[in-house]
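Thanks for coming. I will take a few minutes to go through one protein, starting from its inside.

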Amino acid sequence: MGNLTPQQLLVRIDMADKEDPSKCANLVESLFKKFDTDNSGMLEGAEFKALVLEIYGYVVEEMKVKFKDAGEGAEGVHLHPSNLEAIQNWIKSTMDPSGQDKCSLDQLKTTIKAIVDECDYSEQ
């Protein structure tokens, strides 16, 4: 899993079956290591912000697919800048409820699946 991009890891985390938490945990650990550039075991400052932006990019693309029929023309839904900011703030506050711009591996393991699953497309 070391050669996968962060986006590829997010796709696999999103697709991971809740019945196999060890597989998802391994994927999350690989994602965490990509951003823990100082190997401190904690994503802080620029590391944390880079991960938030990566997840944000993934979530926004998922939302465009999910709501493609609700918008205008071929582009689908128009995500207003205030909505985009709210999405980014939601990701940050979910991953870091204390607001300190940091996240441990354990925190990421308990939050990332919920974040990526929130935007899944389903035809119900």
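Predicted model: local features only at pLDDT ≥ 70, side-chain atom pairs only at ≥ 80, totals over all residues.

The largest nonpolar core has 31 residues, and Ile-55, Ile-91 and Met-95 have the most contacts inside it. A nonpolar core here is a set of buried Ala, Val, Leu, Ile, Met, Phe, Trp, Tyr and Cys residues joined through side-chain atoms within 4.5 Å. Buried means under 20% relative accessible area, exposed means over 50%, and partly exposed is in between, with a 1.4 Å probe and protein chains only. Two or more residues of this core come from each of helix 1, helix 2, helix 3, helix 4 (81-95) and helix 5. Helix 3 gives the largest share, nine residues. As general background, nonpolar side chains in soluble globular proteins tend to be buried together.

Residues are numbered from 1 along each chain as its sequence is written, and side-chain values use heavy atoms, with hydrogens and water left out.

Which residues does Met-95 touch, leaving aside neighbours within four places in sequence? They are Phe-48, Leu-51, Val-52, Ile-55, Lys-102, Cys-103, Gln-107, Leu-108, Thr-111 and Ile-115. Contact means heavy atoms within 4.5 Å.

Now the overall layout. The protein has five helices and two strands, in the order α-α-β-α-α-β-α along the sequence. These are DSSP runs numbered from the N terminus: helices are H or I with at least four residues, strands are E with at least two. Of the 124 residues, 35% are buried. Among contacts between residues at least 6 apart in sequence, 68% join residues at least 24 apart.

Next, helix 2, residues 21-35.

Is Asn-26 buried or partly exposed? Asn-26 is partly exposed, because its relative accessible area is 41%. From Asn-26 to Ile-13 is 13 residues in sequence and 9.3 Å in space, C-alpha to C-alpha.

Asp-36 is buried yet has no salt bridge, and the nearest side chain of opposite charge, Lys-33, is 8.9 Å away. A salt bridge needs a side-chain nitrogen of Lys or Arg within 4 Å of a carboxyl oxygen of Asp or Glu. For charge, Lys and Arg count as positive and Asp and Glu as negative, with His and the chain ends not counted. Beyond neighbours within four places in sequence, Asp-36 contacts Gly-41, Met-42, Leu-43 and Glu-47.

Asn-39 lies in the loop between helix 2 and strand 1. Its phi is near 55°, a positive value in a residue other than glycine. Asn-39 is exposed, because its relative accessible area is 66%.

Asp-101, in the loop between helix 4 and strand 2, also has a positive phi, near 55°. Asp-101 is partly exposed, with a relative accessible area of 21%.
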